[in-house]
Amino acid sequence: MINLQSVSKSYRLGAENIDVLKNISLQVNQGEFLAIMGPSGSGKSTLMNIIGCLDQPTTGTYQFEGNDITAYNDIELSNIRNKYIGFVFQQFQLLPRLTALKNVELPMIYAGISKKERKEMALHALKKVGLADRVEHLPNELSGGQKQRVAIARALVNNPRMILADEPTGALDTKTSSAIMELLTQLNKEGTTILIVTHEPEVAQFTRKTIIVRDGEIVKERIEGKEHLEYEYS
C-alpha cells in the first residue's frame with residue numbers, strides 16, 4: 001500500500017540546510033496497525049505528513065497503491081487525501097459552530113456527495129463510533145472523548161483505505177485514551193490501515209508494529225510477537 005524508498009526531507013533556513021528526514025525506507029501493507037514514535041524534533045510528524053500527502057520528500061520516492069506520487073502536484077495530492085486517507089488530530093479540529101453531524105459531513109462536501117447521501121453516511125459513521133445520540137450537539141457540548149469520536153467518524157466517513165492519527169489521545173485522560181484506542185483497534189480489525197504518531201508507549205502497545213524515529217532516521221522496529229521494543233528514546 002505504502003512504499004517509501006530512500007526518502008529525505010530538508011528545509012532551507014537562511015544559509016543553512018536543515019535535514020529533517022534522512023534516507024527513510026518504509027513499507028506499510030494494507031490492514032496494518034502501525035505506531036510511529038520518537039522524541040520532539042525527531043522527524044516523526046514530518047514523516048506522517050509525507051505519508052499523508054500533506055508534504056513531499058526532497059529526495060527519494062513515495063509509492064501509494066502502486067503509483068509513484070512523488071511528483072504529484074497539490075491538486076493531485078489533495079485528491080489522494082480526500083479519496084483514500086482520513087485524518088485524526090490531537091486537538092480534534094472540529095468547527096465550533098457546526099454540530100457533530102455537520103462536522104462529519106464536511107469531507108463529503110468537498111467530494112461532491114449529495115446532501116441526502118451526506119447525512120445518511122454521517123449518521124452511519126457517528127453510530128459506528130457510539131455517538132448516535134449526540135449528532136445535533138455542538139463541540140462545546142461534548143466531552144474530550146466524544147469530540148475525538150466525532151473526529152474519527154469524520155475520518156471514516158469517506159471509507160478511506162487508511163487513517164492517520166497524530167497524537168489522537170494527547171488531550172485525553174487515561175481511561176478515555178484507552179477507549180479511543182480500543183475503537184481504533186476495532187476499526188483496524190475491520191480492515192482499515194491505521195498509522196499513529198504518538199509519544200506514549202501505552203498507546204503504541206495497542207498496535208501490531210512500532211517504529212522509532214530519532215534524528216530523522218528509523219532506529220528501531222518492533223513487530224508484535226517478534227521483537228521487544230525499548231521505549232527509552234529521549
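Student: How do the residues of the lining of the second largest pocket divide among nonpolar, polar and charged?

Tutor: The lining has six nonpolar, five polar and three charged residues. In this classification Ala, Val, Leu, Ile, Met, Phe, Trp, Tyr, Cys and Pro count as nonpolar, Asp, Glu, Lys and Arg as charged, and the others, Gly among them, as polar. The model is predicted: local features need pLDDT of at least 70, side-chain atom pairs count only at pLDDT 80 or more, and totals for chains, interfaces and linings use all residues. Residues are numbered from 1 along each chain as its sequence is written, and side-chain values use heavy atoms, with hydrogens and water left out.

Student: Which residues lie nearest the centre of the largest pocket, and how many line it?

Tutor: Of its 17 lining residues, Asn82, Phe87, Pro107, Tyr110 and Arg154 lie nearest the centre. Helix H2 (74-84), strand E6 (85-89), H3 and H5 each supply at least two lining residues, with E6 giving the largest share, four. These elements are DSSP runs numbered from the N terminus, helices being H or I of at least four residues and strands E of at least two.

Student: How do you know that the end-to-end length of H5 agrees with that of a helix?

Tutor: The expected span is 1.5 Å times one less than the number of residues. The 13 residues of H5 should therefore span 18 Å, and its end C-alpha atoms are 18 Å apart, which agrees.

Student: Why is H5 called mostly covered?

Tutor: Buried means under 20% relative accessible area, exposed over 50%, and partly exposed in between (1.4 Å probe, protein chains only). In H5, 10 of the 13 residues are buried, including Val150, Ile152 and Arg154.

Student: What makes a set of residues a nonpolar core?

Tutor: The members must be buried Ala, Val, Leu, Ile, Met, Phe, Trp, Tyr and Cys residues joined through side-chain atoms within 4.5 Å. In the largest such core, of 35 residues, Val104, Leu126, Val150, Ile152, Leu184, Leu187 and Ile196 touch the most other members. The elements giving two or more residues to this core are helix H3 (100-110), helix H4 (115-128), helix H5 (144-156), strand E7 (162-166), helix H6 (174-189) and strand E8 (193-197). H5 gives the most, six residues. A second, separate core of 28 residues includes Leu26, Val28, Ile50 and Ile211. In soluble globular proteins, nonpolar side chains tend to be buried together.

Definitions and conventions:
1 Å grid on protein atoms, 1.4 Å probe; cavity = no way out; pocket = protein on both sides within 12 Å on 5 of 7 lines; lining within 4 Å.
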